[in-house]
Amino acid sequence: MQQAFRQLEERSVSSEVILMEWSPKMDLIALANRNGEVLLQRLTWQKQPIWTLPPSTDDESITALEWRPDGKVLAVGYECGKFVLCSVEGAGIIHTKRFSGGVVTMKWCLTSLSEGPTSSENVSPFQDSSDHFLPKLPALTKMTSSTEDQDEGGMDLMKLKEQSGLNLLLINLDSGVLHILAYGIAPVAEINLPAQEKTANVGTILQTTVTPHLHSISVISVRSGDETDRPEIILVQLESVLLASRHREIANYAKKYAKISALLEYLEGTLKAMTEAKEDILLEIEAKLTKYAEQKGTEGTVGDEFLDLLLWGKASLELQTFLLQELTAKGLKKLGHSVESSYSSIQKLILKQVHRVGKMLLFELSELYGLAKWYERYGILGLSPEAIQGAMSAVGSFLLKSNELLQVIETSLKNFKAFFRWLFVQMMRMMEEPVVRAVSKMYQKDINFVADFLEENFSQDISEPEGGSGFTLERVGQYFLKEDLSHPFRGSSNPWMDFTEAHPKLKESPFVFPNQTEKSLLQLHDALIEAVNGVLTKTGHICGQSVVVRSVHPLCYSADLTQEPTNQERIIVGLHNPSTGDLVYSIFTDTSLPAESLYLVNYSTNTREDGCVRVQKLQFRALGISLDQSTVSQASTTSCQKHVVLDAAFYDDSTLSVLLQEADESIQDCVSVLCQLPIASLESAPSISAGADGSLLVESQDLEVINASQFVSHYHRLDNLKAARFAVSGSRKVSSVLFLNGRRIRLFDMDTEEEDPSLMDSTMNRTQSDSDMNVTADSIDV
């Protein structure tokens, strides 16, 4: 029947849309435009989108959009290789990653495997329960964009709390590498197809999918030929026995990975806040002292003049002028307050956040260490106890350095308070101002303390400075530079340090954290990140190497894809894995769009099968004519005798959606047609079976053309519309058709047949009410 779907909306957009993707759980659609923005809109279209993700700073175009199966997270892939995860609740970026190649497409697959026992009577000993007893981290007031979505005191930055089953995000690169991320975060497999013997010439990966039981991965990619052969599009079947047999371990590891990654991001945000809290006012004072030392006419150093002032209470005329006009009593008082405020802020961040997040990192790594000791379950995934122990040592060294920084701050504050109080009193006396006795009173130990401070920080002859100011007032800032400390801390004797120095063998123990006195805090933070990443990235390499190529089926030539390998409007390539059974369906066109033929391929992923694929060649002629001609009226048929394919996608497990364009030369105003094609109806249609590594499937002499129009169950002529592409969602029963200019979109309800006009208004009100229940004006109920 012709009027099978009901039009809901037709809206214009300000910028050309290049990608559309429906949410699987809510009436939301994500749109990517030519400007590099991602917009989230409702089914009941509004003037303003729910949120807008601004363009990437790399000024690269968006190449892929994909929703997590629960609809709470949207993945965005860029041509430059950047990949981000956005929370649906406000476009907050919760995770960012960068790959060596450009992102072509993405596929988020929900597996049918459980993570293990969930009942209270039978709880797995490897199930993460740290949330019950680990302290919650306080929210940072100034965090990076990657942690903007953090709830106060919470650490579910990756939105994994409600993830009951394992899901995998497959990211396809133009370099021929497939990355598989558990929950879209943890890299569990990096499959380098060009490194495999059977797929040595593979380039761009166009589409992938994985079976619900993880034992088979299907890949459609471009394979380059020699100098005379044209590039081919091939279908590759991969076996992933390790992923299938260790899915529970992968799920546990992935959640541990997510927690560690969240803690690292939190630590990075804390260091950023500490760096921002650090004041540079002491450096300004050092610059003024250096300038004074260069211009003064008296002999000796500036430190000598301050010592004379301390011992005899007299200062040279030049020093008096400098103190009263350059520093000033008011400026000195302000300096003291600024230094105290800055150092106190850093102290609080270290005590409340750095120490806490460091101890949590040690806990998570120690748990990972315990899992890695069970080689048959976790060690086989690439988790190395030695590498984890090294990462724990790096965290321990970082914590020791943060404790050292606390000592430096405490010592500096004590020094500055005494020095500034004494100098303030001297300046007030120079101005013949009254001084409170409690402030001016100094004991011999106070004089000795100031003298030691001057000797330590003013002793260098700065008349000829060598690469610095010659003063060392600022000793905290050096810890926030990525270089060795210029003035390592030489504090009071530490009994534990003395003990380890007296027993060198003790330093070799992996349970004793090394104290790296010459390194800065940022240097040890970089070493920490490198050590932890070395632990977390090895699993992807090991699991990726375990994947083997089962078969390769050449499909067709690449249709000029080598010129624009990431332009998905050139050809149609699709893969679909039904939630039940071992069959995988694939669709493709062998020419650029619009194409006369659409090819449907299905094959079994069961390793006991012979590995053959079943191929059908579909063409679309007159619509409205079913197999039983007697059941179709003349009015229901279209006058167009030929249609070409504009786009195609799997609507659900049993239906293929196809966007057609009338191509009959006898028709003056050709329009686009949206139709539904039940896959089961094609089972009895002619097909061929082909083995692996043979000739191109599309060039087989036995491949008959099927008039797929007779199998179409529903279709709708899109009047006054020249379509470019569409997006469909079987779970939400909706579709969107993009106009040829990319600036206008028409939305359809796919679950509604032609209705009586009197019922249309009530149906529209029902749709509006349902949408309002799911999405409010300011937030989304997820």
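This is a predicted model: local features need pLDDT of at least 70, side-chain atom pairs count only at pLDDT 80 or more; totals for chains, interfaces and linings use all residues.
Visitor: How many helices and strands does the chain have?
Guide: Contacts between residues at least 6 apart in sequence join residues at least 24 apart in 66% of cases. The secondary structure that goes with this chain comes to 14 helices and 30 strands.

Visitor: Which way does helix H2 run relative to helix H12, roughly parallel or roughly antiparallel?
Guide: The axes of helix H2, residues 247-277, and helix H12, residues 521-536, come within 12 Å and cross at roughly 165°. Because angles over 145 degrees count as roughly antiparallel, H2 is, relative to H12, roughly antiparallel.

Visitor: How many nonpolar residues does the contact of H2 with H12 have?
Guide: Residues in H2, including Leu264, Leu267 and Leu271, meet residues in H12, among them Leu528, Ile529 and Val532. By class, the contact has 2 polar residues and 1 charged residue, while the number of nonpolar residues is 13.

Visitor: Is Thr589 buried or exposed?
Guide: Thr589 is found in the loop between strand S19 (583-588) and strand S20 (598-604). Leaving aside residues up to four places away in sequence, Thr589 touches Cys556, Ile571, Ile572, Ala595, Ser597 and Leu598. Its relative accessible area is 1%, and because buried means under 20%, Thr589 is buried.

Terms used. Residues are numbered from 1 along each chain as its sequence is written. Side-chain values use heavy atoms; hydrogens and water are left out. Helices (H or I, at least four residues) and strands (E, at least two) are DSSP runs, numbered from the N terminus. Contact means heavy atoms within 4.5 Å. Axes are lines fitted to C-alpha atoms, for helices over the stretch in contact, and angles run from 0 to 180 degrees between N-to-C directions. Angles under 35 degrees count as roughly parallel, over 145 as roughly antiparallel, 65 to 115 as roughly perpendicular and the rest as oblique. Ala, Val, Leu, Ile, Met, Phe, Trp, Tyr, Cys and Pro count as nonpolar, Asp, Glu, Lys and Arg as charged, and the others, Gly among them, as polar. Buried means under 20% relative accessible area, exposed over 50%, partly exposed in between (1.4 Å probe, protein chains only).
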